Amino acid sequence: MVLAPGSAPGGTDRHATRRFDEWRDTIRHDFVALDIAADRRIGTFTGAVRNATVAHLQVSEVSSVDQVCRRTPSLAAADDQEFLQIGMITRGTGVLEQDGRRAALAGGDFAVYETGRPFRWRLGGDWCLEVFTWPRASVGLDAGESVRATALRMDGREGLSGIVGGMLRGLLAAPPRLTPAGAARVADETGDLVTTLAVEHLAGPLAVDRPQQALLREMLTYVGTHLADPALGPAAVARAHFVSVRQLHRLFASTGETVNRRIRRLRLEHCRRELGDRRRAGEPVTDVARRWGFPDLATFSRAFRTAYGVSPTAYRGRHLAP
């Protein structure tokens with residue numbers, strides 16, 4: 001199931017029904033096209049949906065009774081938008097099938113799947129499914145990695161998957177009130193964690209040998225010397241070093257910091273130092289921001305305030321005051 005882009009922007013909406021036909025229409029209206037078949041032996045039908053958004057990350061809680069939801073080849077082919085999702089079972093049971101695999105989930109387990117290819121959910125009991133959706137283009141998994149990463153059970157209680165699972169549950173339980181820039185960062189960082197998790201789950205623990213350490217040092221140097229380029233990001237760094245985005249994320253995972261987080265942190269640190277430098281007191285804040293890869297002043301100001309608790313202008317005023 002996938003929350004349609006734009007639903008409940010910046011807030012939360014709910015819908016509940018006891019009619020299967022209304023439920024089917026609600027799911028097809030709020031989510032991507034699915035064929036739904038409920039267990040006709042159930043006497044009283046119930047279903048509820050709660051939706052919210054955090055920038056381009058879209059979160060949803062869906063609960064109902066025994067049913068099967070199918071994304072058929074024709075339905076997938078008819079959509080011009082594709083999404084990557086995590087589906088987490090928090091009550092009841094769920095079986096996800098995609099790309100020739102079958103993942104049986106229960107009690108906090110979750111799995112990755114995509115809407116651009118057929119899939120099927122078999123949901124049993126008084127179930128609740130939490131869904132977390134990103135536009136496919138915003139997530140750094142290549143096509144081959146995605147095909148191998150879908151419909152694999154991940155434990156939402158232990159290890160890296162437990163950390164990611166806890167963060168996702170928190171986003172749905174209490175969607176944060178953020179500035180647009182802050183919300184976009186949360187969505188991006190959570191997407192980076194999902195990418196790292198999927199790659200780690202496929203490849204197992206990473207032992208960074210000396211050649212990999214040398215490659216990582218080259219990448220870190222590259223990031224540090226290209227901060228002024230607004231296009232600097234995981235794809236650009238990977239391309240410059242002739243590696244996949246997957247390998248890039250795996251190497252950066254050993255630093256405890258995602259690629260995007262490091263880029264933003266370094267850019268902000270350079271800006272902060274220059275704003276506190278008396279030799280640059282007459283330079284416009286906009287010029288400082290652009291020199292370090294922030295072409296938009298409003299975006300830079302929000303990022304700076306989030307990082308340091310004060311606006312760039314106020315920070316300069318405090319540190320350059322007599």
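Modeller: A residue is called buried when its relative accessible area is under 20%. Please keep in mind that this structure is a predicted model. With that cut-off, Cys128 counts as buried, because its relative accessibility is 3%.

Biologist: Is Cys69 buried or exposed?

Modeller: Cys69 is buried as well, at a relative accessible area of 1%.

Biologist: How many disulfides does a search of the whole structure find?

Modeller: The general idea comes first. A disulfide is a covalent bond that joins the sulfur atoms of two cysteines. In this structure, the search finds zero disulfides. For Cys69, the closest cysteine sulfur is that of Cys128, and the 13 Å between them is too far for a bond. Cys128 is likewise in no disulfide, since its nearest cysteine sulfur, in Cys69, lies 13 Å away.

Biologist: Let us turn to helices. Which residues of α6 are buried?

Modeller: In general, an α-helix has 3.6 residues a turn, so residues three or four places apart point the same way. In α6, the buried residues are Leu215, Leu216, Met219 and Val223. They lie on the same side of α6, because the arc they cover around the axis is only 100°. The face turned away from that buried side carries the exposed residues Arg210, Pro211, Arg217 and Thr225.

Biologist: What do the buried residues of α6 pack against?

Modeller: They pack against α7, α8 and α9. As for its length, α6 has 16 residues and reaches 23 Å from its first C-alpha to its last, close to the expected 22 Å.

Biologist: How many Å should the residues of α9 span, at 1.5 Å a residue?

Modeller: The 17 residues of α9 should span 24 Å, and its end C-alpha atoms are 25 Å apart, which agrees. The buried residues of α9 include Leu266, Leu268, Cys271 and Leu275, and also Arg262, Arg267 and Glu274. The partners against which the buried residues of α9 pack are α6, α7, α8, α10, α11 and α12.

Biologist: Which residues have the most contacts inside the largest nonpolar core?

Modeller: A nonpolar core is a set of buried residues such as Val, Leu, Met and Phe, joined through side-chain atoms within 4.5 Å. The largest one here has 28 residues, and Met219, Val223 and Phe300 have the most contacts inside it. Two or more residues of this core come from each of α6, α7, α8, α9, α10 and α11. The largest share, six residues, is given by α9. Among the residues that Phe300 touches are Leu268, Cys271 and Leu275, together with Val285 and Pro312. Another core, of 27 residues, lies apart from the largest one and includes Leu34, Val49, Val62 and Trp127.

Biologist: Finally, how many of the eight residues of strand β3 are buried?

Modeller: Seven of the eight residues in β3 (residues 47–54) are buried, so this strand is largely enclosed by the rest of the structure.

Biologist: In which sense do β3 and β4 pair?

Modeller: The strands β3 and β4 (residues 57–64) pair in the antiparallel sense, over eight bridges. Strand β1 (residues 12–17) also pairs with β3 in the antiparallel sense, over six bridges. Ala52 of β3 is the bridge partner of Thr12, and Ala52 also stands opposite Val59 in β4.

Biologist: How many residues lie between β3 and β4 in their hairpin?

Modeller: Two residues lie between these strands, and Ala55 in the turn has a positive phi of about 55°.

Terms used
Residues numbered from 1 in each chain as written. Predicted model: local features only at pLDDT ≥ 70, side-chain atom pairs only at ≥ 80, totals over all residues. Heavy atoms only, no water. Disulfide = S-S within 2.5 Å. Buried < 20%, exposed > 50% of the residue type's maximum accessible area, 1.4 Å probe, protein only. Helix = DSSP H or I, 4+ residues; strand = E, 2+ residues; numbered from the N terminus. Contact = heavy atoms within 4.5 Å. Expected span 1.5 Å × (residues − 1). Arc of directions from axis to C-beta. Pairing = 2+ DSSP bridges.
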